[in-house]
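Reader: I am new to this structure and would like to learn how to read it. Could you take me through it one feature at a time?

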Amino acid sequence: DFFMGGTPTKSESGYWKGDIKWLTISDYSNFDLISQTKDKITNLGLENSSAKLIKTGSVVISIYATIGRVGILGCEMATNQAIVAMQPYKISNRYLMYALYISKNRLLKSANKTTQKNINLEILKNTLIPLPPLAEQERIVTKIEQILQILKS
């Protein structure tokens, strides 16, 4: 399932400084388990915008400006419209996150150029992701994370 984010009206103070974490691209880096956001919205802000509450474990990807930044939600939160969230089924969320990251160059080639580069939901939905069995997905994730650890040290 794919979920587009949204932004409550900034001029409406009753929509902001609530209890619902509201994710923007600047709140995370690639491969983060995202649990904190700098901004929060209220239930009223959620109800009166296109923002949606996204489940823990969903994979997020940026689709405007900084195209292809990926992470996983460590808790329930809403996102702005520059982020698409995906609730995976029959696929490991970590595998999906890395597969999307590897697809970044293809996504960039498909990007629309208006005032800034962006991809739309259709481009994202039509991105092909290899789908090996779950055990193989986990083996691939383990190898990727071992390599990332080596690169960090």
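Author: Let us begin with a term: a nonpolar core is a set of buried Ala, Val, Leu, Ile, Met, Phe, Trp, Tyr and Cys residues joined through side-chain atoms within 4.5 Å. Please keep in mind throughout that this is a predicted model.

Reader: Which residues of the largest nonpolar core touch the most other members?

Author: In soluble globular proteins, nonpolar side chains tend to be buried together. Here the largest nonpolar core has 21 residues, and those that touch the most other members are V59, I61, M86, L100, L107, I119 and L124. At least two residues of this core come from each of β5 (59-62), β6 (70-73), β8 (83-86), α2 (93-102) and α4 (121-125), and α2 gives the largest share, six residues. To follow one member, take L124, which, leaving aside its neighbours within four places in sequence, is in contact with F2, I61, I63, V84, M86, L100, L107 and I119. There is also a second, separate core of twelve residues, with L23, Y28, A82 and A85 among them.

Reader: In what order do the strands of the open sheet lie?

Author: The five strands follow the order β1-β8-β5-β6-β3, and their pairing is mixed. Since β1 (2-4) and β3 (32-34) stand at the edges with a single partner strand each, one side of each is left without a neighbour in the sheet. On average, and with direction ignored, neighbouring strands of this sheet are turned by 30° against each other. At one of these pairings, β1 and β8 run antiparallel and are joined by three bridges, and F3 stands opposite A85 in β8.

Reader: How should I read the way α2 and α5 cross?

Author: Two packed helices are described by the angle between their axes and the distance between the axes. For α2 and helix α5 (residues 134-152), the axes come within 9 Å and cross at roughly 60°, which makes α2 oblique to α5. Their crossing is left-handed, and the contact is made by R94, Y95 and Y98 of α2 together with Q137, E138, I140, V141, I144, E145 and L148 of α5. Towards the sheet, α2 lies across β5, β6 and β8, running at about 160° to β6.

Reader: Does T79 count as buried or exposed?

Author: A residue is called buried when its relative accessible area is under 20%; T79, at 0% relative accessibility, therefore counts as buried. T79 is found in strand β7 (residues 78-79), and, leaving aside its neighbours within four places in sequence, T79 is in contact with G5, G6, W22, L23, A51, K52, I54 and V60.

Conventions: Residues are numbered from 1 along each chain as its sequence is written. This is a predicted model: local features need pLDDT of at least 70, side-chain atom pairs count only at pLDDT 80 or more; totals for chains, interfaces and linings use all residues. Side-chain values use heavy atoms; hydrogens and water are left out. Buried means under 20% relative accessible area, exposed over 50%, partly exposed in between (1.4 Å probe, protein chains only). Helices (H or I, at least four residues) and strands (E, at least two) are DSSP runs, numbered from the N terminus. Contact means heavy atoms within 4.5 Å. Two strands pair if DSSP finds at least two bridges between them. Axes are lines fitted to C-alpha atoms, for helices over the stretch in contact, and angles run from 0 to 180 degrees between N-to-C directions. Angles under 35 degrees count as roughly parallel, over 145 as roughly antiparallel, 65 to 115 as roughly perpendicular and the rest as oblique. A crossing is left-handed if the near helix is turned anticlockwise from the far one by less than a right angle, and right-handed if clockwise.
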